[in-house]
Amino acid sequence: MPETHQLSVHEIKKTYEGQPLLNGVSFDVASGEVLCLLGRSGSGKSTLLRIIAGIENADSGLVCWDGKDLRGISTHLRRFGLMFQDYALFPHRNVAENVAFGLRMQGASRSEIEGRVSSVLEQVHMDKFALRSVTDLSGGEQQRVALARALAAAPRLLMLDEPLAALDRSLREQLQQELRDVLHRTGIPAIYVTHDQEEALALGDRMALLNQGEIVQNDIPEVLYRWPKNRWVAQFLGMQNFIEGRVTTIAPLHVQTAIGSFQASAAVENNFSIGEAVILVITPGTDLTSAGTTAINPLTGICKECLFKGEYYQVQLQLSNGESFLYYSNRAVKRHENVALWLPVQNVVCLKK
């Protein structure tokens, strides 16, 4: 059966201080899916969430739930949960009272409130803290309480706006897994806003990249990393090795560069033409020091820097044209050492310039 998309965002446009902020943003979120919306600060991510929630109005475009246009539907009737970075907990209320607040506003009965509060606190492992003042909690514990409060109202959609950004890295990594478990266990579709690609990989079933008011690429994480659409996507995802050149053959795809000819891969090879100026991006995820069985796409350079990163070494090479190339090694490389690498075809991706 075809997948059912519960939330549909279509051609949302919004200007801010006379400048376009969102310029025709469209995407869907399916039932039970976690969509990570990535973009740099000021790219319009938070504004988009507020439009979906009904807190702000778009200049044009549609937000639909199960095919129903939500224009004119007030925020509380949309039943979308929104969790902010600062958590917005009430300091004068204890944990249980914070979680119960929204339910009281909805007019739920006392027994219903008690049952729901107990259930969601257990889901986020905070059931033993019900009577604790929120001011006595750590940042991670406050994050769990804010999540419990968002879940307590049984939202049809949950939107999280960089909820882990204020936490240190070790706690953030721990809570990423907990968040993913809770979201998948409840089955509530979610939009998770972040500027951190590692966080998006840990949480997202799909990733949508927002730049200059538009969704540049929207796909599962593996496809984004293996087939970035353009240089901006590759750089945003942390890729650093780019080589300019011109296409010499199409099948197989070869690109001539200042440091040699490379066989490359592309999502759609016949999009390129002979002589076209292109950019090669070397995608991560393979051992470049092993020649394998084919030993194609050789690359040589001189080690300029080798940094120990815990599980691997980050090596910076200087290539024959003077440019830098970064790769990861399981052994230390001495400065000024000559290094030979081999670039697997599937990791040499050809992009439009």
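**View 1. An open sheet of 4 strands runs in the order β17-β16-β15-β18, with antiparallel pairing.** Its edge strands, β17 (324–329) and β18 (338–342), each pair on one side only. From one strand to the next, the twist averages 45°. Axes are lines fitted to C-alpha atoms, for helices over the stretch in contact, and angles run from 0 to 180 degrees between N-to-C directions. Strands here are DSSP runs of E, at least two residues; helices are runs of H or I, at least four residues; both are numbered from the N terminus. Two strands pair if DSSP finds at least two bridges between them. The model is predicted: local features need pLDDT of at least 70, side-chain atom pairs count only at pLDDT 80 or more, and totals for chains, interfaces and linings use all residues. Residues are numbered from 1 along each chain as its sequence is written, and side-chain values use heavy atoms, with hydrogens and water left out.

**View 2. Strands β15 (residues 298–308) and β16 (residues 313–318) pair in the antiparallel sense.** The pairing extends over 6 bridges. F308 has Y313, in β16, as its bridge partner.

**View 3. The largest nonpolar core holds 57 residues.** Such a core is a set of buried Ala, Val, Leu, Ile, Met, Phe, Trp, Tyr and Cys residues joined through side-chain atoms within 4.5 Å. Buried means under 20% relative accessible area, exposed over 50%, partly exposed in between (1.4 Å probe, protein chains only). L147, L158, L209 and L237 have the most contacts inside this core. Helix α5 (residues 139–152) supplies the largest share of the core, 7 residues. Apart from this core lies another, of 27 residues, including V247, V278, C306 and Y327.

**View 4. L237 touches Q197, M207, L209, L224 and Y225.** Residues up to four places away in sequence are not counted. Contact means heavy atoms within 4.5 Å. L237 and L209 are both among the residues with the most contacts inside the largest nonpolar core.

**View 5. A cis peptide bond joins A251 and P252.** Omega is about 0°. P252 sits in the loop between β11 (242–249) and β12 (254–257).

**View 6. A154 has a positive phi although it is not a glycine.** The value is about 50°. A154 belongs to the loop between α5 and β7 (157–161). A154 counts as partly exposed, at 35% relative accessibility.

**View 7. E162, a residue other than glycine, also has a positive phi.** Its phi is near 45°. The loop between β7 and α6 (169–186) contains E162. E162 is buried, with a relative accessible area of 12%.
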